[in-house]
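Biologist: Hello! I have a structure here that is new to me, and I'd like to go through it with you one question at a time. Shall we open it up?

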Amino acid sequence: MKLGVRHMLFGAVVLAIPVSSWFLVFRPQNREIRQAENELELKNLTLAKLREETSRTSDLKKANEDIAQSIANIEARLPRAKEVDAVVRQVTELAVGVGLSPPSFKSSKPLDAALYREQPLELSTQGDFASFYQFLIRLEQLPRLTRIMDLKLSKDGEHEGRIEAKFTLSIYFQEEKPAPAPSAPAATQGGAR
C-alpha cells in the first residue's frame with residue numbers, strides 16, 4: 001500500500017479533529033466545570049453556615065424570651081413604692097406571729113439599685129432564738145424581694161434565754177412610672193368662621 005499525499009493529509013485531518021477538540025472544546029469545558037464545582041462547594045459552605053446561624057438565631061430568640069420571662073417574674077416580686085408599707089406590716093406580723101416582740105423600725109433614705117430602689121430599714125426585736133430562726137425562714141418565703149444586712153445578735157440582759165436582734169432589712173421596690181402627659185389638642189389655624 002502506497003501512502004500518498006492525499007492519504008497523509010486525510011490522516012492528519014482525522015488526527016487533528018480530536019486534538020483540536022481537546023484544546024478548543026473539552027479543555028475549556030473542564031475548566032468551567034471545575035470553576036462551577038468550586039463555586040458550588042463555596043455556596044454549600046455558605047449555606048451550611050447560614051443554616052447554623054439561623055438555628056442559633058432561633059435559640060437566641062428562645063433565650064431572650066426566657067430572660068424576659070425571668071425579668072417579669074422578678075419585677076412581679078417588687079412592690080411599688082406605695083406598697084412598701086404593706087411589706088413592713090407583713091414583716092411585723094411575721095415577727096409577732098412567731099413570738100418575737102413587735103420590731104421597732106428606723107427608716108433610711110431609699111437607695112438607687114440598678115433599675116429599682118432599695119428601702120433600708122433598721123429593725124430591732126427581742127425573743128428566743130428559735131422564734132427568731134422561724135422569723136428568718138418565713139421572711140425568706142415572702143413573695144417580695146428583701147435582703148438582711150448587718151445582723152447582730154446579743155443576749156438580752158434583762159431576760160434569761162432571750163436574744164436581741166438588730167439588723168438592716170432592705171426592701172426592693174419599683175418607682176411609680178410617671179403617666180405620659182396628655183397631648184394638647186392641635187390648634188386650628190384661622191379661628192372659627
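Biologist: Leaving aside neighbours within four places in sequence, which residues is L139 in contact with?

Modeller: This is a predicted model, so keep in mind that we are reading a prediction. L139 is listed with V91, F132, F135, F167 and L169 as having the most contacts inside the largest nonpolar core. Once its neighbours within four places in sequence are set aside, the residues in contact with L139 are V91, L94, T146, I148 and L169.

Biologist: How many residues does that largest nonpolar core have, and which elements give two or more residues to it?

Modeller: The core has 18 residues. As background, nonpolar side chains tend to be buried together in soluble globular proteins.

Biologist: Where on the surface could I find a nonpolar patch, and which residues form it?

Modeller: Look at L24, which has its place in helix α1, residues 5–76. With 65% relative accessibility, L24 counts as exposed. It belongs to a patch with about 620 Å² of accessible area together. The residues forming that patch are V19, W22, F23, L24, V25 and F26.

Biologist: How many salt bridges does a search of the whole structure find, and which residues form them?

Modeller: One joins K62 and D66, with the closest N and O atoms 3.4 Å apart; both residues lie in α1, four residues apart, about one turn of the helix. K62 is partly exposed at 48% relative accessibility, and D66 is partly exposed at 40%. In another, the side chains of E164 and K166 meet at 4.0 Å, N to O. The search finds two: K62 with D66, and E164 with K166.

Biologist: What pattern does the protein chain follow along the sequence?

Modeller: The chain has three helices and five strands. Buried residues make up 20% of its 193 residues. Read along the sequence, the pattern is α-α-β-β-β-α-β-β.

Biologist: Where is confidence highest and lowest among the elements, and which stretch has a pLDDT below 50?

Modeller: The chain averages a pLDDT of 79, and 81% of residues score at least 70. Confidence is highest in α3, at 88, and lowest in strand β2 (residues 111–113), at a mean of 67. One stretch has a pLDDT below 50 and zero contacts in the model beyond near neighbours in sequence: residues 178–193.

Conventions:
Residues are numbered from 1 along each chain as its sequence is written. This is a predicted model: local features need pLDDT of at least 70, side-chain atom pairs count only at pLDDT 80 or more; totals for chains, interfaces and linings use all residues. Side-chain values use heavy atoms; hydrogens and water are left out. A nonpolar core is a set of buried Ala, Val, Leu, Ile, Met, Phe, Trp, Tyr and Cys residues joined through side-chain atoms within 4.5 Å. Buried means under 20% relative accessible area, exposed over 50%, partly exposed in between (1.4 Å probe, protein chains only). Contact means heavy atoms within 4.5 Å. Patches are made of residues with over 30% relative accessible area and no salt bridge: like charges are joined within 9 Å, nonpolar side chains (Val, Leu, Ile, Met, Phe, Trp, Tyr) within 5 Å. Accessible areas come from the Shrake-Rupley method with a 1.4 Å probe; for residues, only the protein chains shown count as cover. pLDDT is the predictor's confidence in each residue, from 0 to 100.
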